[in-house]
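Grab a pencil and work through the exercises below. Each one sets a task and then walks through the solution.

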Amino acid sequence: MLDDIWVDDSVLALRPDFAVLVMTAHGLSNGPTDDRTRAWLAEASEAEVQADKIDAWKDAYRAFGAKPQRTRPSVDALTRRMPLPEINRAVDAYNSISVKHALPIGGEDLDRYVGPARLVRAIGDEPSEEALGQPEPGEVIWRDDAGVTCRRWNWRQVVRTRLTEETTNAIFLLERLEPMSLEELKQAGEELADLLSELSPEVRITSRLLSSVK
């Protein structure tokens with residue numbers, strides 16, 4: 001999967017500063033929230049809100065016609081849910097990194113994917129789960145061969161690919177816009193890899209940076 005993921009040129013035309021660090025984790029040992037992940041969430045909950053980074057995502061949403069006050073970028077919604085919710089160990093790990101760096105991160109079950117992930121502008125007829133509704137033409141979506149996996153860039157993921165306590169192979173999408181630097185993006189990826197390795201010492205993590213930024 002890792003080498004086959006791509007970002008459509010129409011998305012990069014919308015935001016040339018976009019970059020995504022894609023990480024795969026094979027051999028995860030997930031499970032319910034424990035004292036370690038609870039501590040990570042508590043620490044992240046104390047982080048100062050980085051409004052400039054969140055505002056960049058609001059601008060990106062407006063650029064394709066979304067209203068960020070109604071459908072908030074994931075990191076904006078997350079920072080409004082203090083204390084951070086307890087989901088499961090893998091989700092707790094990436095949510096804590098997301099809030100710490102004001103960085104949208106999606107985590108999904110790799111084994112639930114049908115074909116490679118790609119970030120595109122919607123045509124409007126893509127298969128989508130009923131609860132999410134149909135994407136609008138021009139909307140930025142993540143999708144695979146079976147249909148939408150996340151609407152409005154990083155607003156809401158589908159149930160089909162969500163991380164569960166039984167997930168053993170996962171994919172994480174760390175999405176960056178300026179003013180975040182590529183160096184901080186890579187640092188956030190390393191921090192997430194460290195947390196996942198603490199949870200699952202045998203996990204095998206690989207990563208790939210997709211960016212038109214030089």
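**Exercise 1.** In which loop does Ala 102 lie? Work out its backbone and burial too.

*Solution.* Start with the place: Ala 102 sits in the loop between H5 and E3. Helices (H or I, at least four residues) and strands (E, at least two) are DSSP runs, numbered from the N terminus. Before going on, note that this is a predicted model, in which local features need pLDDT of at least 70, side-chain atom pairs count only at pLDDT 80 or more, and totals for chains, interfaces and linings use all residues. Residues are numbered from 1 along each chain as its sequence is written, and side-chain values use heavy atoms, with hydrogens and water left out.

Next, the backbone: Ala 102 has a phi near 50°, a positive value in a residue other than glycine. Most residues other than glycine have a negative phi, and most peptide bonds are trans. Last, burial: Ala 102 has a relative accessible area of 5%, so it is buried (under 20% relative accessible area; exposed is over 50%, partly exposed in between, with a 1.4 Å probe and protein chains only).

**Exercise 2.** Is Asn 88 buried or exposed, and what is it in contact with?

*Solution.* Asn 88 lies in the loop between helix H4 (74-79) and helix H5 (89-101). With 3% relative accessibility, Asn 88 counts as buried. Leaving aside neighbours within four places in sequence, the contacts of Asn 88 (heavy atoms within 4.5 Å) are Asn 30, Gly 31, Pro 32, Thr 33, Leu 163, Thr 164 and Glu 165.

**Exercise 3.** Which residues have the most contacts inside the largest nonpolar core?

*Solution.* A nonpolar core is a set of buried Ala, Val, Leu, Ile, Met, Phe, Trp, Tyr and Cys residues joined through side-chain atoms within 4.5 Å. The largest one has 28 residues, and those with the most contacts inside it are Val 7, Phe 18, Val 20, Val 22, Leu 119, Trp 142 and Trp 153. Now sort by element: helix H1 (9-14), strand E2 (19-26), helix H3 (51-63), strand E5 (140-144) and E8 each give two or more residues to this core. H3 provides the largest share, four residues. Zooming in on Phe 18, and not counting residues up to four places away in sequence, the residues it touches include Val 7, Leu 12, Trp 57, Leu 119 and Trp 153. Apart from this core lies another, of 27 residues, among them Leu 103, Leu 182, Leu 195 and Leu 196.
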